[in-house]
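Please walk me through this fold.

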Amino acid sequence: MADMSAKHFFERAVTIHRYDCELIAAAPSDAEGGETKQAIENDPAAQEAVVRYVVAARPIYDGLRRLIGQVAGLLVLAEAGGRRDVLDLPDIPAARERWAEVEQRLGALQAPGGLEGHLARLETAHATLGEVLDDFGLARLQRDWQQHLDRAGDRIKHAYAWLQAASEPRAGMTPVDFNHACCSCAQRWRHQGGNDGAIFDLGA
Amino acid sequence: MGQYSIWVLEYSYVTNYHKSGVLYGAHNQGYVKLPYCYALIKGNGHVAMVDVGYNNKDYGKHLGDKFGVENWRSPEIVLGEIGLAPKDVDTVFITHAHFDHFGNVEDFPKATFYIQEKEIAKWVWAMSLPDRMRWMNVAVDPGDIVRGVDLARQKRLVTLDGARQDVLPNVDLNPAFDSHTYGSMWVTVRNGKEDTWVLAGDLVYVFDNIEGSGAAVDVETLYVPVGLAVGSQTNLVLATEEMMKQVNYEARRVIPIHEERLKDRFPSRITKDGLRITEICLADGEKSRVQ
């Protein structure tokens, strides 16, 4: 389980945000600040709580990641092809079901002290994605379907921005699943026989 | 000489990439350098790209730290080496939706993008599958698909249903469904009689995918597919055969962009940033960018 390298979780380099991302400008959560970080480093029980949080949060993050990709792909198919029939695909109710599953997991997730901000970002990504799915529902029912899809297009960008804000590579929460990727199998720390100590690198 | 010039432009690389990733079955055979490149086609009044690389701002540091991806340079710098700018590009062919090919669309503000509809549709399907099947959506950045939505709304994304002849004059797009990815495609440039070039995307990573050793089965060479396929290696071999047929089985005319040894086969130079430019062919009147 946890070891002292848990501190890496808080070394939140903004490696996966655009330099001009508005979300970077938001105040960091307590856990990302110096005092709380120091307190957690000195408290094994707090570290355990962080580990439990990460283990529970990661499938939520991954569920949101894939839902955003799925819904964005449906938007591309509808917009690029001008195809209203996309709105009738079973993929949309399936996405709604998955969204509801994520909602259940979110409801059960408890953030330890200092990680409330991270949880809030996941919740906002989820809620925004719900609005996108609502737009799909409205587009299917109404004549001005294009207008609803336009709004969904704006909202999906916000959902993704919140997902990026909740990304934490050291906890295996990255927008791209690099496992087995054509570009990325040369995991530096592995072939150099080393370990960078990222205890939260849960296989990503 | 012909209608189009073609360059392969390196924008980053992995120094140590395991060989079995590029060559099916090459287990425990060590590592090779894997350049990250895109191709540029210029002629007939067009500047076209084959793929656009990835956006270093989003996750470049993560890639560098964890996976050894080094020395990324922006399209502005990379294209600048051959006297062009991203805004000059009017057409982009996306061979597949992996982040290192489809990940930097924002840097090409005037381009119209072409991708197979099936590439998008089946990623949508793959992303809907249960967690235990998530292997099937590796290397796709949902953010790229989100940016694709913007392209579509701007009418700058064309989704194709299969092959498209003369998408530009004498430039064809060819699908290889369920191969490296669900809707991969390659680009064929017909420069003139017996002067055809194939830009293979990730359907061919290296020369050995086309001219692998056939010693084990008593033939001189055989096709050995790339290591990664969400579809099938059989479809990769069949696509390789189609590509080779288009170039009259002249293997040097099928261009694998992840092949470091392109520099041994075509005129090349290394830029001040340590990246390679390879000149595949020059159109009539076009000057060399590597000499």
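H4(A) and H5(A) cross in a left-handed sense. In this predicted model, their axes lie 8 Å apart and pack at an angle of about 165 degrees. An angle over 145 degrees counts as roughly antiparallel. H4(A) and H5(A) are therefore roughly antiparallel to each other. On the H4(A) side, the contact includes A:Arg121, A:Ala125, A:Thr128, A:Leu129, A:Val132, A:Asp135, A:Phe136 and A:Ala139. H5(A) contributes, among others, A:Trp145, A:Leu149, A:Ala152, A:Ile156, A:Ala159, A:Trp162 and A:Leu163. By class, the residues of this contact divide into 14 nonpolar, four polar and five charged.

Now take the other partner, H3(A). The axes of H3(A) and H4(A) come within 11 Å and cross at roughly 155 degrees. That makes H3(A) roughly antiparallel to H4(A). This crossing is left-handed too. H3(A) brings A:Ile92, A:Ala95, A:Arg96, A:Trp99, A:Val102, A:Glu103 and A:Leu106 to the contact. H4(A) answers with A:Leu122, A:Glu123, A:His126, A:Leu129, A:Gly130, A:Leu133 and A:Phe136. The classes here are nine nonpolar, two polar and three charged residues.

Look next at H4(A) itself. The helix covers residues 116–141 of chain A. At 1.5 Å a residue, its 26 residues should span 38 Å, and the end C-alpha atoms are 38 Å apart, so the two agree. Its buried residues include A:His118, A:Arg121, A:Leu122, A:Ala125, A:Leu129, A:Val132, A:Leu133 and A:Phe136. An α-helix has 3.6 residues a turn, so residues three or four places apart point the same way. What covers the buried residues of H4(A) includes H2 (44–81), H3 (91–108) and H5 (145–165) of chain A.

Finally, step back to the whole chain. Chain A has six helices and zero strands. From the N terminus on, its elements run α-α-α-α-α-α. Buried residues make up 43% of the 204 residues. Among contacts with a separation of 6 or more, 75% join residues 24 or more positions apart.

Technical notes:
Residues are numbered from 1 along each chain as its sequence is written. Chains are lettered from A and ligands numbered from 1 in the order in which they are written. This is a predicted model: local features need pLDDT of at least 70, side-chain atom pairs count only at pLDDT 80 or more; totals for chains, interfaces and linings use all residues. Helices (H or I, at least four residues) and strands (E, at least two) are DSSP runs, numbered from the N terminus. The expected span of a helix is 1.5 Å times one less than its number of residues. A residue is buried if 20 or more other C-beta atoms lie within 10 Å of its own, exposed if 12 or fewer, and partly exposed in between; C-beta atoms are placed from the backbone. Two residues are in contact if their C-beta atoms, placed from the backbone, lie within 7 Å. Axes are lines fitted to C-alpha atoms, for helices over the stretch in contact, and angles run from 0 to 180 degrees between N-to-C directions. Angles under 35 degrees count as roughly parallel, over 145 as roughly antiparallel, 65 to 115 as roughly perpendicular and the rest as oblique. A crossing is left-handed if the near helix is turned anticlockwise from the far one by less than a right angle, and right-handed if clockwise. Ala, Val, Leu, Ile, Met, Phe, Trp, Tyr, Cys and Pro count as nonpolar, Asp, Glu, Lys and Arg as charged, and the others, Gly among them, as polar.
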